[in-house]
Amino acid sequence: GRCRAPGRAMRTVLMVSEKPSLASSISEILSGRQAHSRKGFNNACSVHEWRGSFRSEPVSFRMTSVCGHVMSLDFLPKYNNWDRCDPAELFIAETQKKEASPGLKMPAFLAREARGCDVLVLWLDCDKEGENICFEVIEAVSEAMRLTPQNTYRAKFSAITSQEINHAMQNLGRPNEKEAISVDARQELDLRIGCAFTRFQTKFFQGKYGNLDSNCISYGPCQTPTLGFCVTRHDRIQSFKPETFWRLNVQIQAGGEAAPNGDSDRGPKQLVPLEWRRVRVFEREIAQFFFNTIKSAKVAVVTDVRKQEKSKPRPQALNTVEMLRTASSGLGMGPQQTMAVAERLYTQGYISYPRTETTSYPDSFDLRGPVNQLRDCPDWRELAQVAISAGLTKPRKGADVGDHPPITPTRAVGQNELSGDAWRLYEMVVRHYLATLLPDAKYELTTVSLTVGPEEFSCSGTRLLDPGFTQAQPWLAVQETAALGTRKPGQEFPITEAGIGEGQTGPPDYLTESELISLMEKHGIGTDASIPVHIQNIMERNYVQLLPGRKLMPTELGIVLVHGYEKIDKELALPQMRSAVEEQLNLIARGQADYKAVLKHALDIFSAKFRYFVEHISAMDDLFEVSFDPLCESGKPLSRCGKCKRYMKLVATRPQRLHCSHCNDTYNLPQMGSIRQYKELKCPLDDFELVLWTQGTNSKSFPLCPYCYANPPFEDMKKGSGCNQCSHPTCPQSVQSNGIDGCAACQSGVLVVDSTAPPKFKVLCNQCDVGLKVDNCVTKLAVLPDQCSRCNANRVRLFSNQKQSGSSEPQGYLTGCIFCDNDLAGLFETKDIRFRRGQPGGRRGRGRGRGRGAAVAEAAEDAADIEKNPEICDCAVLELCKTDRVSNVGLGTRRFAHKRSV
């Protein structure tokens, strides 16, 4: 810290954590629960303030948080149009950092809270991603704080406990720029490589085949090798050829042996099967030969009795990969679900940081501390006492990779405080920790060797000597089995059964999640944090299906993709490429490699592979032709094409789209809903029949023109807009005809009358999910071109089944503003719905408030102006306006929209 001049104001320390819950927990610990909290202006993060001491100096603390990454990497907007950008350009295209969550306004929020602050302390998660977020925060607050290396600190911690947090505060370091840069390199590589391959193969195959059932045919440097492991196992299963084998089955009678004085037998009699030393043979004649050598034998003779004391080693300390494996195989929890629960337990202070690769406790780690806490909890008292009685055995030595300590419990709680998956995962962590402090399990293995004629057989049994760590992990307990009791060489046992058994070899099973995680760790695919994401991606993109037992079976699409990569370039689906890249990224993090050199080298390799892939895509296409149906043979007729007037087919598999086999054109549609024909109405601009997208009677729906949806006719329309966002001045389906007022919730949408399911009506925002429910008594509803004199919203005219009193309209009809007229307002359910009253001159969505008649007149005036002075309209737009698909009204309106945008 710096010395303070007399009378100078108290310095302020800004502290930033990765999540709001962490900020709350850390501020409680550091302030002694004396912090005052307020909500930040972005309504997502709270700000906690208190006074204390920093570097032996009284200061004012201000703690807040981010919500994960502040910024994300993306291409410049001109490269984000799939139709206009060659995917090969993405390897050299310009990129930019943009807000990861624009709605949170995180950079502005951080800059605002940083004003007047003198010191920055970063409490981000202590991994490479956390270091990267550190520098995103530094970038956001640097101007407001005038940061220097001297007033920027980094807190290192592994658990949300008072001891850990206070220790971190007393031992602040500096953020690691090298680790942050390695994350930047990974982000850029994944963005460029993934987008290039994904865009090319998605456009290529979705334009040819109809039943792919996948919105995006993606490629990823980590995702594809992960899928490759699953397909390789599938290929082994499919290519497996069972073989018939034979074995000798011999059973003896044990028990009832003579007592020491030889007078009587003791012990119950039992039938014991013997194991043939040759195990099995694959020719029937050979098996028959061996059987002929023993079939006359009446007894089995003991030749040797061997006893060995063996041990089953206790587990190493728990790291992320082992936690994911155990949760999948033992608890039936998927990797992504496991990480979500683990992070929640961490932020609540129940376990230490759940993302770590280390499996060795540091020398300074207090092994007894967590055990003493557990002993105070009734649910864990007995098991903790067992560990203490065993002397807290020195744990097995594991790997220390220098990141976080292993995952351990940090707070003792019982089943009454946690429930469901949280309790099951917490219990697993506690039992694993206690198991590492207990001794190895010990047992005695007895092996009895016998002969039947000239052939050798054996049987074995186990006797538990010390359960050791299995007291904490009973599912790993050693199973006791009998082994003929106490025997001596030369003792004989009568044979009760002898014969030849027949069987067949079986194929391996599909990979389980647990096995896949092990393979990914072994080959360096992904990190402890990203492994769950890659597995989830291949499931969400319909490349694999999850079977009972959490087994992963690849789908037809996943199989064809991997086989296609193998036909063109095997390295695209093998893990070695990604492993090599990860090694280079780790060198960047350690300061042993240059960021730009590594990035250029990797991109040069993948760029060459991409060009080769594009040139030889026909090899993969051959596989797709065999497995999937062409678009022209897919789907059912739905609506007419505006060009050829023939019916287009709806391809219902993901992604939903319309295909005209005559024009060979495909039109994208909205997803996550159903598509049906809409009243056989046509778009006035292009003559395409409208279709209706709906999510159900009580959800959102809107009509759309398939051509306009992909090719917006007006400058103020975005790609992927329906009729409820179209600014056509006269079309009965447009926002000009059905819009009432701007939406208060999103500040950019318009409340539009939805009449797609008469006689039921809804008023919905055409941008967000806000809406007004219309009473069932309303059977007709239309928007009028004139405005309310009080709020400027467009007035409506409706017919209600309820008898209205004091109205000059015909019986049942009402005209007025749904916000200002009491008779109408009662027919619109506005409970828990926020809507914005229009103000004169205020911001309005999509030009609403002018009225339809005013819009038509203004469009006509602008069209006349442009005809007289064409220089005011861009030449390219003017030519576009003259195309055949634009009607006279559309011509004027399109030019009007262009003039407004300029």
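Predicted model: local features only at pLDDT ≥ 70, side-chain atom pairs only at ≥ 80, totals over all residues.
Colleague: Of the 902 residues, what percentage count as buried?

Modeller: A residue is termed buried when its relative accessible area is under 20%. Applied to the 902 residues of the protein chain, this cut-off gives a buried share of 50%.

Colleague: How many helices and strands does the protein chain have?

Modeller: Both kinds of element are present in the protein chain. The secondary structure comprises 24 helices and 33 strands.

Colleague: Is strand β4 mostly covered or mostly open, and how many of its nine residues are buried?

Modeller: Strand β4 spans residues 57-65 and is mostly covered. Of its nine residues, the number buried is seven.

Colleague: In which sense does strand β3 pair with β4, and which residue of β4 is the bridge partner of S53?

Modeller: Strand β3, residues 46-54, pairs with β4 over seven bridges in the antiparallel sense. The two strands form a hairpin with two residues between them, and R55 in the turn has a positive phi of about 55°. Within β4, the bridge partner of S53 is P58.

Colleague: How do strands β1 and β4 run, and which residue of β4 is the bridge partner of S17?

Modeller: Strand β1 covers residues 11-17 and is joined to β4 by seven bridges. These two strands run parallel. For S17, the bridge partner in β4 is S65.

Key: Residues numbered from 1 in each chain as written. Heavy atoms only, no water. Helix = DSSP H or I, 4+ residues; strand = E, 2+ residues; numbered from the N terminus. Buried < 20%, exposed > 50% of the residue type's maximum accessible area, 1.4 Å probe, protein only. Pairing = 2+ DSSP bridges.
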